[in-house]
Amino acid sequence: MDNDIAIKLENINKTFVLHDRGNTIRSRIFSFIKGSGSRKLKALQNIDLEIKKGEFFGIVGSNGSGKSTLVQIMNESIPPDKGGKVTVNGKTMRLALGMGFNNELTARQNIMINASVLGMSIKEIKSKMDEMIAFAELEEFADTPVKYYSSGMKSKLMFSIAVNAEADIFLMDEFFGGVGDKNFRKKADEIFLSRFVKGKTIIHVSHQYETIRKYCDRVMLIEKGKVVKIGTPDEVLEKT
Amino acid sequence: MPIKISKTFRNRLERIYLFAKTDYFVRYYGSKLGVLWAFLNPFFQIMIYYFAFSYLIFRKNDPSFVLYLFTGVITWQFFSETTKGSINLFQKQRYILQNIGLPKVDFFWSLIASKFWGYFINFVIFLIFDLVFFNPVFSLNLLYLFPIWLGLSLFTLGVSFYLSTFYIYLRDLDHLWSIILMAGFWTIPIIWDYKIIYQGYEFMMLNPITAFIVNVRQITLNNEAPDLKYLSFGLVVSLIFAISGYFFMKFKSKKALEFL
């Protein structure tokens with residue numbers, strides 16, 4: 001395998017088996033007697049893809065087209081169907097705004113845990129703590145439990161933690177380009193570009209064509225689990 | 001390169017520590033007395049047993065029964081609370097598992113560390129109570145506590161691996177498990193006298209938890225060496241549980257995120 005490839009997908013299919021029964025003992029017994037009502041849903045079909053190291057790769061498609069499933073397969077958090085092969089060179093991380101805050105904990109305590117999960121050492125976190133809080137513009141609420149935060153405050157906080165994340169390949173699921181007001185977005189754009197774009201591989205899933213056009217080297221359009229087109233943003237986005 | 005490896009390893013240890021700390025402290029946040037409850041709870045528990053059993057129920061019997069009961073209860077609580085907490089572990093941590101490829105086993109390390117710390121605090125309360133009221137005699141036999149704690153933790157860990165993995169496919173396992181725990185509570189000598197076991201019911205010692213609880217008492221209450229035959233059997237069973245459970249969890253939990 002080439003050394004300059006970050007992610008390679010070969011013959012990826014993903015079938016979800018949807019059970020109309022629940023996952024309880026009672027419903028299992030019933031469905032065993034009556035015959036189970038399960039349906040198969042093909043979320044992805046025959047996907048072959050190579051993403052190079054350092055590439056800024058966009059994925060677009062309508063809701064339910066399989067974008068998120070594809071990201072989860074790249075992230076190896078769910079396995080593809082038999083016969084498919086996922087090769088990943090480097091540490092991957094999916095960044096999404098809904099990532100886990102513990103609502104009972106304060107912003108500081110959540111920063112501690114989340115930043116550690118993202119690969120920072122306790123020492124680094126302590127030294128960057130104030131910076132992260134200031135970036136999220138939450139100085140006054142640093143010791144307030146996150147359960148009292150608005151969703152906007154939470155996503156700002158998540159963003160300011162996540163820009164410190166350490167990984168080689170970032171999978172951004174609607175993560176970038178939609179947080180906060182105009183000022184925050186400008187600030188976020190800058191830090192995003194300086195921290196991430198250089199030397200990292202980025203896979204960017206979004207509805208916002210503006211950011212895709214601006215940054216992506218290549219874009220993939222996916223519909224109903226199938227690849228429709230891969231090419232430069234101009235080539236692909238024109239079609240939609 | 002070796003520096004880089006040690007950095008990721010250190011990060012991993014730090015993460016396990018932070019998760020354990022959160023798991024331990026989170027139930028005290030927002031309460032006025034905070035972590036003090038971690039000490040107050042076992043303190044009041046032992047006091048209630050003391051008054052209930054020495055003044056109300058077994059008035060004429062041995063007042064040290066309170067120690068007998070307390071050692072049994074806290075050891076049992078460590079097992080039951082850890083396993084209960086492990087059932088929906090993947091569900092609780094699904095956001096993290098979805099985003100970052102952390103080894104799943106780390107969540108189990110954190111859980112067991114947090115619960116063991118709680119058990120340890122209870123044990124300290126027990127020792128203080130024992131020293132203040134009963135003038136106990138201790139010897140090097142106390143060192144046997146370490147293999148017992150190791151076995152207890154391994155067994156608990158093994159059961160937790162199985163439970164959390166089965167839960168992916170069987171969502172009402174938590175109700176079933178609380179019934180099994182209730183059965184366990186009454187079939188293990190927590191309240192009743194373990195000497196009954198040696199009067200023809202020795203097969204009960206094959207349950208590792210029974211073997212551990214009996215031996216914790218041998219050591220701390222009677223200042224005797226443990227029953228090595230059943231202790232070592234319990235250790236072996238625990239080790240088998242932990243190792244087989246680990247691989248079971250590792251291979252059968254791959255689809256966890258699809259189902260939860």
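Colleague: What is the strand order of the open sheet in chain A?

Modeller: First, this is a predicted model, in which local features need pLDDT of at least 70, side-chain atom pairs count only at pLDDT 80 or more, and totals for chains, interfaces and linings use all residues. Residues are numbered from 1 along each chain as its sequence is written, while chains are lettered from A and ligands numbered from 1 in the order in which they are written. Strands are DSSP runs of E with at least two residues, and helices are runs of H or I with at least four, numbered from the N terminus; two strands pair if DSSP finds at least two bridges between them. Here the six strands of chain A run in the order β5-β6-β7-β3-β8-β9, with mixed pairing, and the edge strands, each pairing on one side only, are β5 (92-95) and β9 (226-231) of chain A.

Colleague: In which sense do β6 and β7 of chain A pair?

Modeller: Strands β6 (residues 169-173) and β7 (residues 201-205) of chain A are parallel over five bridges, and A:F170 has A:I202 as its bridge partner in β7(A).

Colleague: Which residues does A:F170 touch?

Modeller: Contact requires C-beta atoms, placed from the backbone, within 7 Å. Leaving out residues up to four places away in sequence, A:F170 touches A:M93, A:L95, A:F196, A:K200 and A:I202.

Colleague: How many residues of chain B are in contact with chain A?

Modeller: On the chain B side there are 25 residues, in contact with 26 of chain A, and α1(B) gives the most to that side of chain B, with six residues.

Conventions
Contact = placed C-beta atoms within 7 Å.
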